[in-house]
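Here is a short report on one structure. The sequence and coordinates come first, and the notes follow.

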Amino acid sequence: MSGMHAFGKAQDIAALMNRRRANAVAWNLVFILSTALAVLFLLLLVCSIVDSVFGYAVLTDEIEPSALVPAKSSVGDFSRQELEEVALTRLSSGVLRRVEHEKPIAQRSDKDLRDLVEHYVVKPKVLRTWGFWDSLTKRAEVSAFIARNPGSYASFRSWLTPSFIVSDQSADPLRAGIRTALLGSLWIIMITFLFAFPVGVGAAIYLQEYALDTRLNRILKLNIFNLSAVPSIIYGLLGLAVFVRAMEPFTSGALFRSFTDNTANGRTIVSGGLTLGLLVLPIIIINTQEALKAVPDSLRMSAYGVGATKWQTIWYQVLPVSVDRILTGTILALSRALGETAPLVVIGASTFISVDPSGIFSKFTTLPIQIYQWSARPQGAYRNIAAAAIVSLMILLLLMNSVAIHTRDKIAKKKRLES
Amino acid sequence: MNNHPAALALHHLGAATDVPKERPILQLQQVNIHYGQFHAVKDATFDILEKHVTAFIGPSGCGKSTVLRSINRMNDMIRGSRMEGKILFNDHDLYADQVDPVLIRRRIGMVFQKPNPFPKSIHENIAWGARINGYKGDFDELVEQSLRQAALWDEVKDKLKQNALRLSGGQQQRLCIARTIAVQPEVILMDEPASALDPIATGRIEELILELKNSYTIVIVTHNMGQASRVSDHTAFFMVDEKRTGYLQEYAPTEQLFLNPQHKKTEQYISGKFG
């Protein structure tokens, strides 16, 4: 058969060509649609969170500022003299005594006094909140609500403020902040990194570079893969049994006579950090193994060829070219740890503490736990601060990742130019 | 130097006959190599002479590279490889229990088929091997001297801080040779060092080999019979039997092997009847 006829007549070829083109276009559309769908949901997620962070809140004061100082509708307008007067006359005797004991009224700053008056005298309370979108579109509903509730007033506010970041926990959503949870998260992630990075990279180096290809080692590698798929709550149970209970003398700090907080027992930062460390260990091991696998054998051979030992080959040649991949894997693993809630709840992280962690033997709470706890409350304002905390967590993640990626790129650049 | 292959070969063959002393630096005795169940090389026995160039030729799968890698115990790196027999290096058994393969690889260096410089600067490529082996001298001097010996100095002397991967393939291969020289080995093993290079770069590597044999013993695996005849003093011809096991068919001074082969297989191979 001649070559011409093997592929059919001219019109057959043209028809086939059209079908092939149509096929390619169809698949292209499918891929574009799936990408668009993913982007759409991501946008929806961001919008729904941001929607809760800004918007109207209708507040009511227990004592209106104008009742304290005539003709002044906001504590912000009070003069120094008026602030001191209100503080001395309106604070309950118990609060006054405590406040005076901490720092005499006369020596306090204006801002300080304003906060005092707001908190103890005016006592604003959130009646209802609206999301950003509703605030723009349902102004009438807000006005109607104010009309129904005499003495209430609306204020358009951002729930994410600098003072939200630096304030500690409070029962009042207007005053609550995430400082304690933020510090808890940072401490935990530090312990997780210090534990999981060296152990994970070490294990991966052993498995990839040293371990012989025996049945036992193959089973070991397979199981590490399986471990990375174990639900995180299981790690919480493990952490509870091992770190909180069995290793209590160590994890509570009793062994080191470091009673920073002796109510914590084993439910400390070090227990939480180690539990999350176990959780991300398989991820770091797998990522590091993949990074080492990607280094061509010819590089190892050339190092052996000039009389390098196995360790010199790994340390001076293999690790420098795989370090950026290893760090990428570690960044991903730590990001996961930063967002984990379940295992920390299981090991008994505190849900309501206002004492900042002071070391690795302190009790703690973390941002995800704080978010979970706030979003579970019925009052509307807690949902808003939960959203603000979510935004803070995302910003923290972005910050952490960009610092890590920047460091990684600097290392990679240095490696390329290395003399 | 005249680059014409025939001229090179004649020049070389003439010179090979009046080498004064012929001391075997490596002695292979009944070398058998297995990879797991597979018997890769059987009963290879021959001597490699000091400051000579010895070429290993033969068809694919004949075990010539395997034998080469067994000389500096690079085969140890391959899982499941097993070696029987003896390889004596300056009369010491390389496979004796107390021998450290790392030390052997410093004294018996290796240049690979594909140029594989370290992904570091040119300077570091040469200095690193010396540094990890405890070199105490002046590194700049060592780098210059090694690059000069590898005929690369003039091309790279102004860019020693540059990444070695930016050099051309031929330059990279000469850098790999310089890197091997820098740890001052006695033997240099070359596994098809020019097979990934163009003819001009190949010619330069061949010139370099002829230069280097004044100071080093060189063992070269090559598929190119012209190259074997141009650069080597002795040639080992390996064949493969019906069970795919390689064996040494003929070993002789290069001139004799090419002009007057003793075996039919050798004659067929060098005349291009198979391979």
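A:R179 is partly exposed, with a relative accessible area of 28%. Here buried means under 20% relative accessible area, exposed over 50%, and partly exposed in between (1.4 Å probe, protein chains only). A:D168 is partly exposed too, at 27%. The two side chains meet in a salt bridge, 3.6 Å from N to O. The term stands for a side-chain nitrogen of Lys or Arg within 4 Å of a carboxyl oxygen of Asp or Glu. The pair links distant parts of the chain, 11 residues apart. A:R179 belongs to helix α10 (residues 179–210) of chain A, and A:D168 to the loop between α9 (162–166) and α10 of chain A. Helices (H or I, at least four residues) and strands (E, at least two) are DSSP runs, numbered from the N terminus.

## Basis of the model

This is a predicted model: local features need pLDDT of at least 70, side-chain atom pairs count only at pLDDT 80 or more, and totals for chains, interfaces and linings use all residues. Residues are numbered from 1 along each chain as its sequence is written, chains are lettered from A and ligands numbered from 1 in the order in which they are written, and side-chain values use heavy atoms, with hydrogens and water left out.

## Domains of chain A

The domain assignment divides chain A into domain 1 (53–158) and domain 2 (179–417). Such bounds come from an automatic or database domain assignment. Taken over C-alpha atoms, the centres of domain 1 of chain A and domain 2 of chain A are separated by 43 Å.

## Other salt bridges

Side chains of opposite charge can pair when their charged atoms come close. Over all chains, the structure holds 29 salt bridges. One of them joins A:R128 to A:E141, with the closest N and O atoms 3.1 Å apart. A:R128 lies in strand β2 (residues 124–129) of chain A and A:E141 in helix α8 (residues 139–148) of chain A, so the pair ties together parts that are 13 residues apart in sequence. A:R128 is partly exposed, at 33% relative accessibility. A:E141 is partly exposed, at 33%.

A:D409 and A:R408 also meet through their side chains, at 3.3 Å from N to O. A:D409 is partly exposed, with a relative accessible area of 38%. A:R408 is buried, at 17%. Salt bridges with shared partners also join A:R98, A:E102, A:R108 and A:D112 into one network.

## The interface of chain A and chain B

How many residues of chain A are in contact with chain B? There are 22, and they meet 23 residues of chain B. Contact means heavy atoms within 4.5 Å. The size of an interface is often given as the accessible area lost when the parts come together. Between chain A and chain B, the buried area is about 2000 Å², with carbon and sulfur atoms giving 60%. Buried area is the accessible area (1.4 Å probe) that two parts lose on being put together, summed over both.

Across this interface the rule finds zero salt bridges. It does find five residue pairs in polar contact (both at pLDDT 80 or more). A polar contact is a pair of N or O atoms within 3.5 Å; within protein, one must be able to donate a hydrogen and the other to accept it, and residues adjacent in sequence count only if both atoms are side-chain atoms. On the chain A side, α15 (297–305), α16 (310–339) and α19 (380–417) each supply at least two residues. α15(A) gives the most, with seven residues. By class, the chain A side has 10 nonpolar, eight polar and four charged residues. Ala, Val, Leu, Ile, Met, Phe, Trp, Tyr, Cys and Pro count as nonpolar, Asp, Glu, Lys and Arg as charged, and the others, Gly among them, as polar.

A:A303 is found in helix α15 of chain A. A:A303 is buried, at 0% relative accessible area. Not counting residues up to four places away in sequence, A:A303 touches A:A308, A:T313, A:Q317, B:F118 and B:W128. A:A303 and A:Q317 are 14 residues apart in sequence, and 7.4 Å apart from C-alpha to C-alpha.

## Buried sites in chain B

Seven of the eight residues of helix α2 (residues 64–71) of chain B are buried, so the helix is largely enclosed by the rest of the structure. The buried residues are B:K64, B:S65, B:T66, B:V67, B:L68, B:S70 and B:I71. Just after α2(B), B:R73 takes a positive phi of about 55°.

B:T254 lies in helix α10 (residues 254–259) of chain B. B:T254 is buried, at 1% relative accessibility. Its side chain makes a polar contact with the side chain of B:S232, at 2.8 Å. Leaving aside neighbours within four places in sequence, B:T254 is in contact with B:A228, B:S229, B:S232, B:D233, B:H234 and B:T235.
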